[in-house]
Every structure is written in structure tokens, then in C-alpha cells.
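Biologist: I would like a close look at the aromatic rings in this model and at what surrounds them. Please take one part at a time and keep it plain.

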Amino acid sequence: MSESARRTSAGPEFADFADGGLQQLLENVRDYAVYRLDPEGRVCSWNAGAQAIKGYSAEEVLGKPYDLFFTDEDRRSGEPRIGLDRALASGRCEREGWRVRKGGSRFYAVAILTPIRSPSGAHLGFAKVTRDITQQHEMQQTLQRLNAELADRNRELEAFVYTASHELKSPLVTILGFLGYLRRDAAEARYDRVSEFADHMSEAASRMRQSIDDLLQLSRVGRLLGESVPVDLDALLRDLVSVHTPEIVEHRIRTDIATPLPTVRGDALRLRQLLDNLLINAIKYGSGSPSPVITFAAHRVNDEMQISVTDNGKGIPPQYLERVFRLFERLDRDGDGTGVGLTLCRRIVETHGGRMWAESPASGGARFIMTFPLDRIVASGGRP
Amino acid sequence: MTKNAPAPAHFLLVEDDAAHAELVKLSLNDSRVANTLDWVSDGEEAIRFLKQESPYANAARPDIVLLDLRLPKIDGHEVLQFIKSTPSLSSIPVVILTTSSAEVDRARAYSLHANSYVVKPVDFERFHQLVRDLGLYWSVWNSPPPGQR
């Protein structure tokens with residue numbers, strides 16, 4: 001049989017298929033909503049896929065405007081009409097966005113509208129194919145979020161390496177510098193500066209050792225948490241206060257737990273480190289006040305628990321409230337800190353899903369606030 | 001040196017690390033060029049010094065500023081910005097003297113009109129040579145703006 005003969009003999013069957021078979025096929029497609037709209041946008045055919053995706057039966061939607069499937073915002077901004085107009089103007093309109101099922105739940109859809117015309121060109125209506133791509137959309141969103149997080153982490157890591165290398169290089173300049181001078185002096189049999197130069201070198205070496213210890217600690221905190229257990233912060237704080245009693249008594253500091261601290265699910269060791277650092281800071285910077293007071297408090301604010309540590313010392317100038325959390329940042333040159341404590345604290349809070357910042361209360365002094373998501377709060381505070 | 005004995009150059013060193021400041025002083029003295037050096041240890045003090053605010057009311061306007069970048073309170077870039085945006089100070093050459101070789105620091109310093117950017121060498125001989133050369137260059141070879149020194 002020749003090619004043309006085969007095609008001729010297929011003719012009537014194809015017309016048959018187009019009339020009935022294709023219709024049947026479309027009616028049974030389940031992954032796509034395939035239906036027709038009249039020229040005004042009213043639904044005039046409905047398939048199994050449309051029912052599966054949108055939740056309406058044919059009886060419920062036939063004759064209704066297809067605006068029904070749009071969100072209130074989209075309806076208000078005229079989105080349904082825009083789709084029809086664009087399809088008419090350019091022969092096809094593809095849109096992506098949130099659509100509404102029967103009952104009001106939303107799904108993310110990609111929808112294609114095509115105008116249907118008679119052989120003479122009269123506008124008969126539209127063919128509409130809609131696919132539910134909520135899952136892909138959510139996966140894409142997650143992927144974008146993860147990518148952004150990764151980029152953030154990379155930037156953070158870059159800054160960390162840069163700061164760390166600076167911090168470690170600086171004492172080396174001191175050590176090698178004074179060593180050079182000691183050698184020169186020795187060559188000239190000059191010994192009057194030996195002890196002064198050796199002091200500089202030894203101080204630099206201790207600073208370097210402290211920086212390395214701090215960096216190691218910081219890198220460990222950044223990793224996944226240890227086992228999450230209920231930690232009674234109130235008991236923990238009272239224990240820490242007793243550990244630091246000598247300094248507290250020496251500086252005549254009053255410690256005040258204004259509202260009992262909650263029990264938080266988290267890494268016991270890290271949470272201890274967090275409160276310990278904040279207590280030591282408050283003792284160090286609050287002790288300048290004539291009658292130093294350190295106040296601890298816990299309050300539920302919206303969907304998180306806020307814990308605050310407030311001293312009445314000299315406080316932090318507003319322009320430094322954020323800088324104090326930066327790695328190796330020291331506001332006070334005379335202090336013995338290495339500028340890692342608050343960086344460490346913030347990282348501990350963040351690994352517990354919270355945030356941390358500093359404020360200057362109107363009453364003076366400094367206040368550090370950390371938050372914990374409510375699902376980490378095992379019990380709000382309350383002492384027996 | 002062919003110049004007539006110039007007035008001693010007055011350096012202002014802005015450096016938070018006391019040991020580094022001491023090393024710069026020692027090395028500058030070794031340059032055997034007449035100079036004087038004042039040292040302040042953070043950015044806030046540097047600005048007070050340059051504005052001749054208490055306790056620096058009698059401080060002389062420096063001929064050269066040697067400026068570290070990582071400083072407590074106000075950092076080196078901010079001090080640089082202050083100097084270069086203050087008409088009475090903007091002509092003072094500012095030499096950034098830092099351990100940072102980071103491109104971002106260098107780019108920012110030059111965009112704020114630093115006159116030179118020098119990375120502190122870790123090696124003693126090079127550090128010593130560098131500070132001596134800086135002393136010699138800025139005190140002797142460099143011609144200051146008219147009307148100064």
C-alpha cells in the first residue's frame with residue numbers, strides 16, 4: 001500500500017477518533033484539568049482531572065465564571081479577564097500562580113489558555129489546561145532558600161577566616177618583631193631591654209593561645225547541637241550565681257531574678273556557657289556602677305520567649321549595639337576579653353532557633369535579649 | 001641628602017596594639033631621620049586628637065598619619081573618611097598600616113582616598129626596613145603640600 005493510500009484509508013477512523021476518542025481521552029486525563037470556557041469565561045466542559053485538581057463536580061461548575069478558581073486578590077486585580085484578553089490577543093496565555101480549590105484551600109498552578117475559533121474564524125470560546133505544580137513550586141522555593149542560606153554561610157565563613165587570620169597574625173608580628181630587637185641587642189651586648197621585650201612577646205603568645213582556644217570553641221558551637229534535653233535555666237542561673245559569688249560579693253553586686261526563667265529544651269552545656277558568659281559580662285561591665293544590680297527576666301512576646309540580662313553599668317553607645325557581636329570586636333581595649341564571648345552567645349542562641357541582640361535601656365546600663373521559639377519551652381519559669 | 005635640614009616630620013600613629021606601636025616607634029627611631037611621633041590607640045581618640053579636643057588641645061597637626069584599620073570603637077576606615085572629608089585635614093597623607101591584606105579592605109581604603117596601603121610584614125627584618133623606609137620617604141623624599149611643615 002502506498003503512503004497516500006494508507007493515509008486515505010485512515011481518514012474516516014481519524015475523524016471518528018477526533019470526535020469521540022479524543023473527547024473520551026481528555027475526559028479521563030487525571031493529572032491535568034482540561035476544560036472549555038465560553039467567550040465570556042464561563043465553564044462549559046469539565047474533565048476528571050479538573051474535578052480531581054479543583055474539587056468541583058461538573059454539575060457544580062458548568063455555567064459558572066472561571067473566576068471561581070482565582071484568589072480574592074487576583075479577582076480584585078482583574079486577573080481572570082487579563083488571562084482571557086491576552087489569550088485572545090496573542091493566541092495563547094500561560095500563567096503561573098496560586099489558585100483556589102473548592103473549600104478554599106490553595107494550590108500552585110500553571111495554566112494555559114488558548115482561544116477556540118470556528119473554521120471561519122468566529123470566536124467560540126477557550127480551551128483551558130491547568131496543572132497542579134504545588135510540590136515542584138514548594139521544592140523550588142526550598143531550593144532557593146537553601147541556596148541563599150548556603151551563600152550566607154559562605155560569606156560568614158569568608159569573614160571568619162579573614163578575621164581569624166588577622167587575629168592570629170597580629171601577635172606573630174609582635175613576637176617576631178621583639179625577637180628581632182632582642183637579637184640585635186644581644187649582638188651589641190645590650191641587655192637593658194630584655195625583660196621589657198620578653199614581656200611583650202609573652203603577652204602576645206598568651207593572646208594567641210587564647211584566640212586559638214576561642215576560635216576552636218566557636219567552630220564547635222557552629223556545628224549541630226548535642227542531645228536536646230530539658231534545661232532548667234532558673235536552676236542553672238542560680239548555680240552560676242553561686243559559682244561567681246566571690247566576684248559578686250567583691251563588687252557588692254545585687255543579682256535579681258525578676259521573673260523566673262523557663263525550662264528550655266536544648267544543649268545543656270551550651271546553654272550553661274551562654275548564661276555564664278552573659279553573667280561574667282554583666283559582672284565585668286556592671287560593676288562600675290555605685291550600686292550594681294544585674295536583673296534577669298523572662299517574658300513571652302508573641303510566639304517566642306524572651307530572656308533578658310540587664311546591668312546598670314556604663315552601657316553601650318547606640319552605634320556599637322550591633323558591633324559588640326562581631327568576632328574579635330572589643331569596645332574596651334583595657335578589658336581582658338578577646339572579643340569572642342558575645343559572638344559565641346549569639347551563635348548558641350541561633351543554633352537553638354532564636355535571636356539575640358543588645359539594647360540600651362532608658363534607665364542606663366546594657367541589656368542583652370535572647371529569644372527561644374515556644375516549641376523549645378518545656379515549662380515556663382516558676383520556683384517551688 | 002640635598003635638601004636643607006627640613007623640620008622634623010610629625011607622625012600620628014593610630015594603633016590599638018601597644019606592642020605594635022612600640023615596634024613602630026623603635027623602627028622609626030632607627031631611621032635616623034628627625035621625626036616626632038604621637039600615638040593614640042583607638043579611632044575615637046584619633047579623631048579627638050585631629051580635632052584638637054581635650055586632652056589633645058595642644059596637639060600639633062600631624063604631617064603624616066599611620067593608620068591601622070581594625071580599631072576599637074571607630075574603625076580605621078571611618079577615621080580615614082573623617083580625615084579626607086574634613087577640609088582642614090584632607091591634605092594630610094594617610095598611610096594605612098595594617099595586618100590585613102584583604103582586597104575588600106584595600107579597595108575601601110583607596111576609595112576613601114588613602115595615600116598608601118602597607119601590609120605589616122610578619123618578618124622582623126622586613127617590618128624594620130619598611131617602617132624605616134616609611135620614615136625616610138615621608139620625612140625626606142616626599143614634598144608636603146605648600147604651606148605645611
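To begin with, which residue lies over the face of A:Phe325, and at what distance from the ring centre?

Modeller: The residue is A:Arg346, which lies over the face of A:Phe325 at 4.0 Å from the ring centre. Please keep in mind that this is a predicted model. A charge over a ring also occurs at A:Phe69, where A:Lys54 lies over the face at 4.2 Å from the ring centre.

Over all chains, a search of the whole structure finds 13 aromatic pairs. One of them is formed by A:Tyr56 and A:Phe69, with 6.0 Å from centre to centre and 55 degrees between the planes. That angle makes the pair tilted, because edge-to-face needs planes over 60 degrees apart and stacked needs them under 30. The pair links distant parts of the chain, its two residues being 13 residues apart. A:Tyr56 is in the loop between helix H2 (48-54) and helix H3 (58-61) of chain A, while A:Phe69 is in the loop between H3 and helix H4 (72-76) of chain A.

A:Tyr56 has a relative accessible area of 12%, so it is buried. A:Phe69 has a relative accessible area of 1%, so it is buried too. Ring pairs also bring in A:Tyr35 and A:Trp46, which together with A:Tyr56 and A:Phe69 make up a cluster.

A:Arg99, located in strand S2 (residues 93-100) of chain A, touches A:Phe69, A:Phe70, A:Asp74, A:Ser105, A:Arg106, A:Phe107 and A:Ala109, leaving aside residues up to four places away in sequence. Despite its charge, A:Arg99 counts as buried, because its relative accessibility is 4%.

A:Tyr181 lies in helix H6 (residues 134-187) of chain A and B:Phe124 in helix H5 (residues 124-141) of chain B, so the pair joins two chains. Both A:Tyr181 and B:Phe124 are buried.

That leads to the interface. Chain B gives 32 residues to the contact and chain A gives 27 residues. The area buried between the two chains is about 2,500 Å², with 54% of it coming from carbon and sulfur atoms.

On the side of chain B that touches chain A, the elements giving two or more residues are helix H1 (18-30), helix H2 (43-50) and H5 of chain B. H1(B) gives the most, with 7 residues. A salt bridge is formed by the side chains of A:Arg323 and B:Glu78, at 3.7 Å from N to O.

As for the setting, chain A has 11 helices and 12 strands, and 39% of its 384 residues are buried. Of the contacts in chain A with a separation of 6 or more, 59% are between residues 24 or more positions apart.

Methods. Residues are numbered from 1 along each chain as its sequence is written. Chains are lettered from A and ligands numbered from 1 in the order in which they are written. This is a predicted model: local features need pLDDT of at least 70, side-chain atom pairs count only at pLDDT 80 or more; totals for chains, interfaces and linings use all residues. Side-chain values use heavy atoms; hydrogens and water are left out. Rings of Phe, Tyr and Trp (its six-membered ring) pair if their centres lie within 6.5 Å; planes under 30 degrees apart count as stacked, over 60 as edge-to-face and the rest as tilted. Helices (H or I, at least four residues) and strands (E, at least two) are DSSP runs, numbered from the N terminus. Buried means under 20% relative accessible area, exposed over 50%, partly exposed in between (1.4 Å probe, protein chains only). A charge sits over a ring if NZ of Lys or CZ of Arg is within 6 Å of the ring centre and within 35 degrees of the ring normal. Contact means heavy atoms within 4.5 Å. Buried area is the accessible area (1.4 Å probe) that two parts lose on being put together, summed over both. A salt bridge is a side-chain nitrogen of Lys or Arg within 4 Å of a carboxyl oxygen of Asp or Glu.
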